Amino acid sequence: MTNKSIQKALAVLVTNLHFSENYMDFREKIIAELSLDESDANALDIFYEDNKSKFTASSRILKKNRWDDIKSSLPIIVNNIDNKILDALWEGYLSKHKLTDNIPKNPLAESILFTEFSEKSPLLSFVTQQLFKYERIRNTVTYKHNETFIKRPVTKDHDVNEANMMNFSVYIHECYRIEAFECDIPKIINKLKNDDASTIVNCVILFFKSLNKEGIGTLKISSDAKDLIDRVKISNNLCEIYDCFQQKLTKSEFLKFFKNLKKIGVLSFHKQEEIK
């Protein structure tokens with residue numbers, strides 16, 4: 001067994017406690033999934049005979065640290081779901097992976113995979129399934145923002161009004177997401193809702209990179225608000241957006257909506273060159 005091949009095999013096993021603790025029970029599976037030849041397998045056997053105790057102890061510590069890091073990125077779930085259920089979901093998530101699966105080392109990225117796996121679990125109630133979805137999407141938006149960091153365009157406070165809407169475009173960070181939920185997520189998070197968990201209520205949430213402060217913000221919006229926000233990325237200026245909604249809103253109502261979003265950090269206005 002070469003140094004390279006043993007290092008690769010041990011790097012995989014140390015992050016899979018179930019296999020490292022029960023090496024002999026899974027020996028054939030380990031050999032097959034890692035494509036080890038007979039010499040490699042024999043060398044791995046010898047390593048385990050001499051180092052199993054220390055190796056599995058290291059594996060146990062890594063598993064705990066990995067789980068702790070993931071939970072730290074899921075505060076709502078951790079604060080609202082029983083630890084025994086969370087641990088059962090974690091074990092189920094781990095057991096579904098093959099030894100050769102490429103698991104992200106970034107805890108935020110892995111939290112997205114974990115919530116996606118757990119979201120439909122029968123161990124969760126209807127409401128807690130929705131909370132898993134909420135955390136998954138928020139972390140997805142956070143991860144996208146971190147991976148595709150874009151410096152916010154420099155802007156000034158402008159007097160945007162009905163007469164000059166043609167001269168202003170709208171900026172929203174591209175990581176934003178708008179998602180529908182089947183219960184009132186904000187009220188549940190704030191512990192203001194005590195309705196039957198099976199009650200289905202359409203709830204649309206905007207996840208956005210705040211332009212006023214660090215982090216990702218969330219905002220409950222209407223379906224009409226969703227349509228307005230979605231027009232931003234395909235429109236050159238405020239007038240183009242308004243043209244699609246002038247049957248529903250006056251210009252005053254339209255501008256009030258966008259100025260309110262600007263105030264809470266969802267978007268900003270940018271002046272274009274004057275069109276002659």
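Author: Helix H10 (residues 223-232) and helix H12 (residues 251-263) have axes that come within 12 Å and cross at roughly 75 degrees. Axes here are lines fitted to C-alpha atoms, for helices over the stretch in contact, with angles running from 0 to 180 degrees between N-to-C directions. Helices (H or I, at least four residues) and strands (E, at least two) are DSSP runs numbered from the N terminus. H10 brings Ala225, Leu228, Ile229 and Val232 to the contact, and H12 brings Phe254, Phe257, Phe258 and Leu261, where contact means heavy atoms within 4.5 Å. By class, these residues are eight nonpolar, no polar and no charged; Ala, Val, Leu, Ile, Met, Phe, Trp, Tyr, Cys and Pro count as nonpolar, Asp, Glu, Lys and Arg as charged, and the others, Gly among them, as polar.

Please keep in mind that this is a predicted model, in which local features need pLDDT of at least 70 and side-chain atom pairs count only at pLDDT 80 or more, while totals for chains, interfaces and linings use all residues. Residues are numbered from 1 along each chain as its sequence is written, and side-chain values use heavy atoms, with hydrogens and water left out.

Another crossing is that of H6 and H7, whose axes come within 10 Å at roughly 100 degrees; these helices are therefore roughly perpendicular to each other. Leu86, Leu89, Trp90, Gly92 and Tyr93 of H6 meet Glu110, Leu113, Phe114, Phe117 and Ser118 of H7. This contact has seven nonpolar, two polar and one charged residues.

H6 (83-95) and H7 (107-118) also each supply at least two residues to the lining of the largest pocket, as do H1 (3-14), H2 (17-21) and H4 (38-72). H4 gives the largest share, seven residues. In all, 32 residues line this pocket, with Val12, Thr15, Asn16, Arg66 and Ile103 nearest its centre. The lining divides into twelve nonpolar, ten polar and ten charged residues. On a 1 Å grid over the protein atoms alone, a pocket is an open set of points where a 1.4 Å probe fits, with protein on both sides within 12 Å along at least five of seven lines; lining residues have an atom within 4 Å of a point.

Finally, the whole protein chain comes to twelve helices and five strands.

Conventions: Parallel < 35°, antiparallel > 145°, perpendicular 65-115°, else oblique.
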